[in-house]
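Dear colleague,

Please find the structure below, together with its sequence.

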Amino acid sequence: MLNPIVKTIDLGDGRTITIETGKLAKQADGSVTVRMGDTVLLATVCAAADANPGVDFMPLQVEYKEKFSAFGRFPGGFTKREGRASDYEILTCRLVDRVLRPLFPDDYHAEVFVNIILFSSDGKDMPDALAGLAASAALAVSDIPFNGPISEVRVGRIDGQFVVNPTFEQLEKADIDVMVGATIDNIMMVEGEVSEVSETEMLEAIKVAHEAIKKQCIAQMELTEMVGKTVKREYCHEVNDEDLRQDVKAKCYDKVYAIAKSGSSKHERSAAFKAVVEEYKATFTEEELAEKAALIGKYYHDVEKEAMRRCILDEGLRLDGRQTNQIRPIWSEVDYLPGPHGSAVFTRGETQSLSTVTLGTKLDEKMIDDALSQGKERFLLHYNFPPFSTGEAKPQRGVGRREVGHGNLAHRALKRMIPEGYPYVIRIVSDILESNGSSSMATVCAGTLALMDAGVTITRPVSGIAMGLISENKGKNFAVLSDILGDEDHLGDMDFKVTGTVNGITATQMDIKVDGLSYEILEKALNQAKEGRMHILGKILETMPEVRSDLKEHAPRIEVIIIPKEFIGAVIGPGGKIIQAMQEETGATITIDEIDGYGRVEVSATNKTSIDAATAKIKGIVTVPEVGEVYEGTVRSIMPYGCFVEFLPGKDGLLHISEIDWKRLDTVEESGLKEGDKIEVKLVDIDQRSGKFKLSRKAMMPRQEKEEKPRPESNNLKINKAAKEDNQD
């Protein structure tokens, strides 16, 4: 007999979240359903009984899937079933993973699989804001070791008021959209986009989120008690050799510390570190090394980490010799490539992005067809991270989750700077050619320059910076690092990326690798990030002080025409006949949409002549003919009683034979008119019943006076005239 356990969380605004366990997926180590309104998620967690041999890390995998049936929809494509994860699902996975991963015990190495599935939705509430809670609750009701619970919430600011977990509709009006993950004590993850807000406003949004998260964490703790899972499973995934650990430290630490403070380059430093450990390994026999190599590698990594951290905390020296708030040297260049519509190279230290901009028309829009979201995207940003950027000799196998996540951050950083209603579809591609720390922030900077080089009228330039953290004693002793290196990210405690303009923050992403972050550290990191952003922004403006005044010569030109809704059909024509004919005749591309009760027509071409010709035709179609107006028309056909003239695109009128000329014509051919001739005509009448147009050409000509011909004289007149002449003689 089922005996489900239910826990309810009151959000304080009339909404509730219920967590239920014991009904579904009972063979998983932990399983819960989370429900808010009509949104229902199932989260399960399963962990292997033991770690695989040689694994010394946390092999966690998080999957998030939205069923199309959740919203009463069929999937697209030929198979009509869910396929590979969408970008939205990948981004949701990453949000959950980044909060969970640091909270598993350091010595726990069994494979853990978290699956979150959306089974129901009414399209109002956003399920990604519940995914972190669902995953953590599944762990809470399992016996898997985990130093949680955690939860995640989205905070939006609508009309100046903060709203926790806003609906899709509410979020459209928000100037702050931030997802926050935290434990009951500390912030673990922040990601979102904002409309140029201050550091103080960002911190306030995070605090609002944390208060909501605390309630959800308490509910999970109570749920753990209710299901009786307070005692977690025993495990032993590490066998250590303390004597070897101490020996590695004693014989390698001083050498590693000297390298760490030498200020050498990435590859020099890497080679020097490798030489130290190889020298140490050489003191062992092959048999001893076969047994101890894995532990030596692990303990040597710890030595590198401690040496780097002590250099920073004790001497304020970083691996490349910089001070904690110092930015690496920057150089950049625009118009680097002749083919794209805009291009830029941005290099900061040993990180380099080559970014390009392509401008397109409505036909280039990206179609979005997710379970809960359908529409079109007009601003795209794609990020590529080839192995050669870090000197690795391996093949590139498509786009991974990292590329999707980094590209999304840069996209959010820049998208609010594209003016509303901008006529072009924009695609930025960032190819990372070198990487040693924060290639996503290099993408933001290179993307800004490429947009400016393309002549895109962005509101303001955007720059970005990645901040790091080295802390000990639960944050009592810490150092915030500006513009972190790859090693400082790997060996440090935080990766905090912040982008913004001179007016404020536009996007942020933060990952914590320790058990939390205090508000003191967070505030210092935000303020120090602002200083770095302004420095980098200055370097961007040195390269390109303002947006290029015009598009490149080979860029498409677009003109937008707004027409009344009732003329949309007339422009398209039956079966698209008219719009296709206009495109063929002018060489322009014409697209049309109905938006907010009117027609939005985009006319694009690489030359102005084609655009002018197409716009003239469209304007002719939507022009209302007026009696008394003069039009330039084209003779379309000759009839015995006159000819038909197209005086506006798609509008023909009859030019009767009597209206061609003031003189009488027996045939139209006598006038010299033939098909294809361009003539001026005047609209003289519109039949109210049939709607037919009557045209006149002679109304445009001066009226001709009739010639007075001499009248023939009669015989009587001739006789009288002759008699009169005789009398005069």
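**Cysteines**

Cys93 is buried, at 2% relative accessibility, where buried means under 20% relative accessible area, exposed over 50% and partly exposed in between, with a 1.4 Å probe and protein chains only. Cys217 is also buried, with a relative accessible area of 0%. The closest cysteine sulfur to that of Cys93 belongs to Cys46 and lies 16 Å away, which is too far for a bond. With a disulfide taken as a pair of cysteine sulfur atoms within 2.5 Å, the count comes to 0 disulfides.

**Basis of the values**

Please note that this is a predicted model: local features need pLDDT of at least 70, side-chain atom pairs count only at pLDDT 80 or more, and totals for chains, interfaces and linings use all residues. Residues are numbered from 1 along each chain as its sequence is written, and side-chain values use heavy atoms, with hydrogens and water left out.

**The chain as a whole**

The protein chain has 15 helices and 29 strands; these are DSSP runs numbered from the N terminus, helices being H or I with at least four residues and strands E with at least two. Its radius of gyration is 38 Å, well over the 27 Å that the globule rule gives for 729 residues, so the chain is more spread out than a compact globule. That radius is taken over C-alpha atoms, and the rule is 2.2 Å times the number of residues to the power 0.38. The C-alpha trace spans about 165 × 65 × 50 Å along its principal axes. Of the 729 residues, 50% count as buried.

**The eight-stranded sheet**

An open sheet of 8 strands, with antiparallel pairing, runs in the order β8-β7-β9-β10-β21-β20-β18-β19; two strands pair if DSSP finds at least two bridges between them. At the edges stand β8 (161-164) and β19 (477-482), each with a single partner strand, so one side of each is left without a neighbour in the sheet. On average, neighbouring strands of this sheet are turned by 15° against each other, direction ignored.

Strand β7 (residues 151-158) pairs with β8 in the antiparallel sense over 4 bridges. Arg157 stands opposite Phe162 in β8, and the bridge partner of Gly156 is Val163. The hairpin of β7 and β8 has 2 residues between the strands, and Asp159 there takes a positive phi near 55°.

Helix α8 (residues 401-415) lies across β9, β10 (187-197), β20 (494-500) and β21 (505-512), at about 155° to β21. Contact here means heavy atoms within 4.5 Å, while axes are lines fitted to C-alpha atoms, for helices over the stretch in contact, with angles running from 0 to 180 degrees between N-to-C directions.

The peptide bond from Gly148 to Pro149 is cis, with omega near 5°, and Pro149 lies in the loop between α2 and β7.

Two further residues have a positive phi without being glycine. Ala25, at about 50°, is in the loop between β2 (16-21) and β3 (30-36) and is partly exposed, with a relative accessible area of 35%. Asp483, at about 55°, is in the loop between β19 and α10 (486-491) and is buried, at 0%.

Arg689, in the loop between β28 (678-686) and β29 (693-696), counts as exposed at 85% relative accessibility. The C-alpha atoms of Arg689 and Phe385 are separated by 68 Å.

With kind regards
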